[in-house]
Amino acid sequence: MIFPARSSLLAFPLVLAAICCGVGCSDKAAGLTLTSLKDHRKFAETFTNAYASRNDNGDLDVVLVDDATERAVAAGKRIEPVHQIMHVRVLWHPSRDMKADDPAASNASIHWYVMGANRGEMIEYQGTAFINVSRTTFTDRLKLSIVNARLKPVITRGDLKDPIGPSRVEGTIYARDNVQIVNRLLAEVRTSVAAAGN
């Protein structure tokens with residue numbers, strides 16, 4: 001769990017549970033494993049849902065949301081001030097013979113935003129990834145396999161404290177096609193980032 005710099009805990013829905021705690025993610029759209037590059041501790045993070053769409057350039061945008069964000073989207077309400085959103089953009093599809101450990105094997109960018117309860121509180125993680133994309137048997141879902149990704153905190157504002165540092169990320173994302181929700185969530189992210197910068 002991310003703790004604030006002050007003594008009391010900052011309550012928000014980001015829960016980074018140690019792998020040994022047996023976090024299950026069978027009912028989630030994404031189950032990711034993060035390994036700290038500093039001390040090799042492993043964490044698990046799940047997201048309630050994921051949505052996908054193609055932008056005007058043909059890139060694949062996938063937005064992952066947590067419980068708080070998902071409830072707001074389902075109710076058509078403004079997203080709660082305490083939430084997290086991950087934005088994955090896949091720029092090109094790898095060929096079958098390309099290996100994930102190839103130095104040039106980076107076809108996606110990742111931005112992970114953790115927003116606190118108070119205005120301007122935010123941690124932003126950024127990184128690159130090698131991601132394989134395939135269509136599942138459900139025609140409205142894409143499967144994204146994150147084989148090799150690196151993230152690091154680039155912005156920390158307010159009382160949030162980053163517990164991970166630079167990390168390696170692996171996992172699988174199942175995203176539903178929904179351009180309207182993707183556009184709305186990305187607009188919310190831009191608004192939140194702008195507020196954190198003021």
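Helices (H or I, at least four residues) and strands (E, at least two) are DSSP runs, numbered from the N terminus. The model is predicted: local features need pLDDT of at least 70, side-chain atom pairs count only at pLDDT 80 or more, and totals for chains, interfaces and linings use all residues. Residues are numbered from 1 along each chain as its sequence is written, and side-chain values use heavy atoms, with hydrogens and water left out.

**The whole chain**

Next, colour the protein chain by secondary structure, which comes to two helices and ten strands. Followed from the N terminus, the elements run β-β-β-β-β-α-β-β-β-β-β-α. Of the 198 residues in the protein chain, 44% are buried; here buried means under 20% relative accessible area, exposed over 50%, and partly exposed in between (1.4 Å probe, protein chains only). Contact means heavy atoms within 4.5 Å. Among contacts between residues at least 6 apart in sequence, 60% join residues at least 24 apart.

**Helix H1 and helix H2**

Select residues 67–75, which form H1, together with residues 179–197, which form H2. Two packed helices are described by the angle between their axes and the distance between the axes. For H1 and H2 the angle is about 120° and the axes are 12 Å apart. Axes are lines fitted to C-alpha atoms, for helices over the stretch in contact, and angles run from 0 to 180 degrees between N-to-C directions. H1 and H2 are therefore oblique to each other; angles under 35 degrees count as roughly parallel, over 145 as roughly antiparallel, 65 to 115 as roughly perpendicular and the rest as oblique.

Which residues make the contact? On H1, display Thr69, Ala72 and Val73; on H2, display Ile181, Arg184 and Leu185. By class, the contact of H1 with H2 has four nonpolar residues, one polar and one charged. In this classification Ala, Val, Leu, Ile, Met, Phe, Trp, Tyr, Cys and Pro count as nonpolar, Asp, Glu, Lys and Arg as charged, and the others, Gly among them, as polar.

Keep H1 selected and show its buried residues, Ala68, Thr69, Glu70, Ala72 and Val73. Their cover includes strand E4 (49–54), strand E5 (60–65), strand E6 (83–90) and H2.

**Ser53 in strand E4**

Move to Ser53, which lies in strand E4. Ser53 is buried, with a relative accessible area of 9%. Leaving aside residues up to four places away in sequence, Ser53 touches Asp59, Leu60, Asp61, Val179 and Val182.

**Three salt bridges**

How many salt bridges does the structure hold? There are three, a salt bridge being a side-chain nitrogen of Lys or Arg within 4 Å of a carboxyl oxygen of Asp or Glu. Side chains of opposite charge can pair when their charged atoms come close.

- Select Arg89 and Asp61, whose side chains meet in a salt bridge (2.7 Å, N to O). This pair links distant parts of the chain, with Arg89 in strand E6 and Asp61 in strand E5, 28 residues apart. Arg89 is partly exposed at 27% relative accessibility, whereas Asp61 is buried at 3%.
- Select Asp177 and Arg135, where the salt bridge spans 2.9 Å, N to O. Distant parts of the chain are again linked: Asp177 belongs to strand E10 (residues 167–177) and Arg135 to strand E8 (residues 122–135), 42 residues apart. Asp177 is partly exposed, with a relative accessible area of 38%, and Arg135 is partly exposed, at 45%.
- Select Asp39 and Arg41, which form a salt bridge at 3.0 Å, N to O. Asp39 is partly exposed at 41%, and Arg41 is partly exposed at 41%.

**Two buried strand residues**

Now select Phe47, in strand E3 (residues 42–47). Is Phe47 buried or exposed? Its relative accessibility is 0%, and Phe47 therefore counts as buried. Phe47 and Leu32 are 15 residues apart in sequence and 8.6 Å apart in space, C-alpha to C-alpha.

Finish at Met115, placed in strand E7 (residues 108–115). Met115 is buried, at 4% relative accessibility. Val189 is 74 residues from Met115 in sequence, and the two are 9.5 Å apart in space, C-alpha to C-alpha.
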